[in-house]
Amino acid sequence: MAQSAVPAAGSSAITPISAKAIAPWAVFFGVLMLVLLYFVGAEQGATALISGEGVHEWVHDGRHLLGFPCH
């Protein structure tokens, strides 16, 4: 049986998503990416928010993969 690319008579059209609906999600993921970038790229030494070497050890390989120097 051949399939047709023409939509059926009763199917609904795809409605576009407005920028107002996407904006909160874009801001949320943007802030999340900035926090992750901070922890991978800068969380060590004098600017550390969390004391100790725990965060550094968890993101150590990711730091080298992204080209951040750490030692």
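I looked up burial to begin with, and found that buried residues (under 20% relative accessible area, with exposed over 50% and partly exposed in between, using a 1.4 Å probe and protein chains only) make up 11% of the 71 residues in the chain. I noted that this is a predicted model, in which local features need pLDDT of at least 70 and side-chain atom pairs count only at pLDDT 80 or more, while totals for chains, interfaces and linings use all residues. Residues are numbered from 1 along each chain as its sequence is written, and side-chain values use heavy atoms, with hydrogens and water left out.

Next I checked confidence: pLDDT, the predictor's confidence in each residue from 0 to 100, has a mean of 79 for the chain, and 73% of the residues reach 70 or more.

For the fold, I found 3 helices and 0 strands, where helices (H or I, at least four residues) and strands (E, at least two) are DSSP runs numbered from the N terminus. Confidence is highest in helix 1 (residues 19-41), at a mean of 90, and lowest in helix 2 (residues 54-58), at 73.

I then turned to the rings of Phe, Tyr and Trp (its six-membered ring), which pair if their centres lie within 6.5 Å, with planes under 30 degrees apart counted as stacked, over 60 as edge-to-face and the rest as tilted. The structure holds 3 aromatic pairs. In one of them, the ring centres of Trp25 and Phe28 are 6.4 Å apart and the planes stand at 90°, so this pair is edge-to-face. Trp25 is exposed, at 55% relative accessibility, whereas Phe28 is partly exposed, at 46%.
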